[in-house]
Amino acid sequence: MVGNNAWVKFVREKIERDYPNLIVYGYKLTSPDTIDYNCVAWAAEDDETWWWPDIQHQFYWPLSVPREETIEAFQQAFETLGYEVCQGDVLEEGFQRIAIYANSNKVPTHIARQLPTGKWTSKLGSLEDIEHNNLQGLTGNPGYGEIACIMKKSISV
């Protein structure tokens, strides 16, 4: 990410405070912060809309999916994009994966998307986008909790 060294240092300190496992597992900043979209939209490859199942209907959510903050509702939202639940986070040619994170109450907290390199990309709420080496970098507390579900969809190669 291009930018002022002091600013990049400030951003990295903030990210590493909130997601300390990234220090261990590695990451890099890939874009500046924005409120245009969140992690759910980023995982769905939408960088113009904020996705969330809020009951006030302020944000986008697929019409056929219940507006509930449950792992099942998030799975259903990604099923509308062609994803299905699968096992494992290993890169598989011809498929793209996402990982749904959830807190100890089983409430979804984050979604990451696998890149063609096998690394992962995440939008940290309204903050920056990052590329991270594995899913464990965002787990824990602080962090996004644990990986609740992995899904994959077929892509052309």
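Q: Does Arg17 count as buried or exposed?
A: The relative accessibility of Arg17 is 53%. Buried means under 20% relative accessible area, exposed over 50%, and partly exposed in between, using a 1.4 Å probe and protein chains only. Arg17 therefore counts as exposed.

Q: What kind of model do these values come from?
A: Residues are numbered from 1 along each chain as its sequence is written, and side-chain values use heavy atoms, with hydrogens and water left out. Local features need pLDDT of at least 70, side-chain atom pairs count only at pLDDT 80 or more, and totals for chains, interfaces and linings use all residues, the structure being a predicted model.

Q: How many salt bridges does the model have?
A: Side chains of opposite charge can pair when their charged atoms come close. The rule for a salt bridge asks for a side-chain nitrogen of Lys or Arg within 4 Å of a carboxyl oxygen of Asp or Glu. Applying that rule gives a count of seven.

Q: Which residue meets Asp18 in a salt bridge?
A: Asp18 is partly exposed, at 24% relative accessibility. Its side chain has a salt-bridge partner at 3.0 Å, N to O, and that partner is Arg17.

Q: How many residues apart in sequence are the parts tied together by Asp54 and Arg67?
A: These two side chains form a salt bridge, with their closest N and O atoms 3.1 Å apart. Both Asp54 and Arg67 lie in the loop between helix H3 (39-43) and helix H4 (71-79), so the parts that the pair ties together are apart in sequence by 13 residues. Helices (H or I, at least four residues) and strands (E, at least two) are DSSP runs numbered from the N terminus. Asp54 and Arg67 are both buried, and the separation asked for is 13 residues.

Q: Which residue joins Glu92 and Lys152 in a network of salt bridges?
A: Glu92 is partly exposed at 27% relative accessibility, whereas Lys152 is buried at a relative accessible area of 15%. The network links Glu92 and Lys152 with Arg97.
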